[in-house]
Amino acid sequence: MSRTTRIVIVGGGFAGFHAARSLTRALPPHSGTEIVLVNPTDYFLYLPLLPEVATAILDPRRLTVPLPAALPGVRLALGDVRSVSLEEHRISYTDPEGRNRSLGYDRLVLAAGSVNKLMPIPGVAEHAHGFRGVAEALYLRDHIIRQLELAASTDDADERDARCTFVVVGAGYTGTEVAAQGPLFTAAIADRHRELQDQKVRWLLLDLAPKVLPELDPRLSRAADRVLRQRGVEVRMGTSVQEATTEGVRLTDGEFVPTRSLIWCVGVRPDPLIEETGLPTEKGRLVVEPTLVVPGHPDVFACGDAAAVPDLTRPGAVTAMTAQHATRQGTLAGRNVAASLGYGSIRRYKHHDLGFVVDLGGTQAAANPLHIPLSGWPAKVVTRGYHLMAMPGNRIRTAIDWILDVAVGRQSVQLGLVRSAAVPLDTASPELSRQPGGDSG
């Protein structure tokens with residue numbers, strides 16, 4: 001009897017999910033190959049719509065696509081990968097019940113993704129919260145509702161002002177979407193509290209960059225900036241946080257802003273697992289060839305945020321850490337793994353950016369499909385259409401939630417399922433909430 005060839009994929013995000021899916025399509029039914037996907041959760045998370053979970057537009061289940069249902073024929077191993085032994089062709093991981101397990105492999109795809117980017121700023125790790133998982137989005141939704149409810153119940157004007165002030169750090173895609181959609185959410189909540197009728201609710205967006213969405217076309221950056229300011233967001237470019245405390249944040253320009261809400265959207269860094277492999281990295285990302293093969297290890301592939309993939313459309317550069325690249329790199333990684341087993345031919349990764357979409361809430365968005373700049377309603381239609389096409393599941397349920405948001409408004413109840421200590425900023429697994437004692441729940 002011939003031995004089964006095992007392919008292990010680390011990570012079930014955009015890159016890992018699409019690597020597994022393309023592998024199932026590239027390998028013949030009776031190839032004698034086992035595909036194992038190791039992931040901390042049993043779902044694929046559609047990250048770009050997390051701001052709509054945090055602002056109570058979408059049910060969090062809309063963004064979570066069950067891996068066993070979406071990837072038939074792929075074995076799911078629940079757990080956090082802790083180490084990779086290239087010599088032994090084996091990975092070690094910890095399952096949800098804390099047991100140590102290991103898997104041997106014939107081919108390995110490292111698609112571990114990314115985690116919150118940290119800065120050496122006093123107090124940030126203790127008082128800020130990131131935005132990389134469902135638990136963090138649910139916490140933020142509850143936290144925003146809770147602050148307004150507490151503000152409505154106090155007679156202390158200073159405390160009320162602090163609880164009605166929300167500081168977002170990072171004017172990239174996520175931070176801009178949160179800051180743009182946040183005022184619509186808080187306005188809906190405040191309208192239900194007579195005590196907050198004349199209360200000012202402040203939203204601040206901070207970034208050291210010179211403009212909002214600095215990586216985008218200037219016209220679209222200006223369009224997003226205009227929407228933010230029209231909604232009353234205080235856009236502070238060239239400014240960031242110098243220190244965070246329980247009472248508020250001190251900005252780099254010296255101003256102290258009393259607040260109980262510091263939302264950290266500065267960016268991401270590769271999963272710490274990548275450094276632990278001991279393989280060469282570039283800015284924390286695993287060095288790979290254009291074929292996504294790790295140099296010197298023909299049985300190891302890497303893709304997505306974890307890999308520094310050469311950008312053949314911009315010689316000398318590496319691809320950006322975006323869902324668009326991760327999706328296409330994952331698809332190619334799956335095909336190239338199959339090719340390494342004799343099914344197909346090895347190809348190099350080359351992808352021209354097709355544009356971007358940024359949902360600014362309400363009827364507003366910014367997009368440049370095929371580099372055609374759009375804003376307002378046309379951009380909104382393109383943005384939501386793009387998300388529905390890109391999601392591997394739950395499309396009808398997501399569209400229904402969007403319709404309900406327009407027709408009946410948002411539910412503004414805090415569930416209290418995720419507390420502050422369960423979603424620390426400094427974590428290698430933002431997709432999991434942390435329970436007392438360090439166990440994952």
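Predicted model: local features only at pLDDT ≥ 70, side-chain atom pairs only at ≥ 80, totals over all residues.
Gln181 touches Pro51, Glu52, Thr55, Ile57, Arg231, Asp359, Leu360, Gly361 and Arg410, leaving out residues up to four places away in sequence. Gln181 belongs to helix H7, which spans residues 173–190. Its relative accessibility is 2%, so Gln181 counts as buried, the cut-off being under 20%.

Asp359 and Gly361 bring me to a second residue, Lys380. Lys380 sits in helix H11, residues 376–390. With its neighbours within four places in sequence set aside, Lys380 is in contact with Asp359, Gly361, Gly362, Thr363, Gln364 and Ala365. Along the chain, Lys380 and Gly361 are 19 residues apart, and their C-alpha atoms are separated by 8.7 Å. Is Lys380 buried or exposed? Lys380 counts as buried, because its relative accessibility is 4%.

Let me return to helix H7 and its packing against helix H5, residues 134–153. The two axes come within 10 Å and cross at roughly 45°. H5 and H7 are therefore oblique to each other, and H5 passes H7 in a right-handed crossing. On the H5 side, the residues involved are Arg141, Ile144, Ile145 and Leu148, which meet Phe185, Thr186, Ile189 and Ala190 of H7. By class, the residues of this contact comprise six nonpolar, one polar and one charged.

Conventions. Residues numbered from 1 in each chain as written. Heavy atoms only, no water. Helix = DSSP H or I, 4+ residues; strand = E, 2+ residues; numbered from the N terminus. Buried < 20%, exposed > 50% of the residue type's maximum accessible area, 1.4 Å probe, protein only. Contact = heavy atoms within 4.5 Å. Axes fitted to C-alpha atoms, helices over the stretch in contact; angles between N-to-C directions. Parallel < 35°, antiparallel > 145°, perpendicular 65-115°, else oblique. Left-handed = near helix turned anticlockwise from the far one by under 90°. Nonpolar A, V, L, I, M, F, W, Y, C, P; charged D, E, K, R; others polar.
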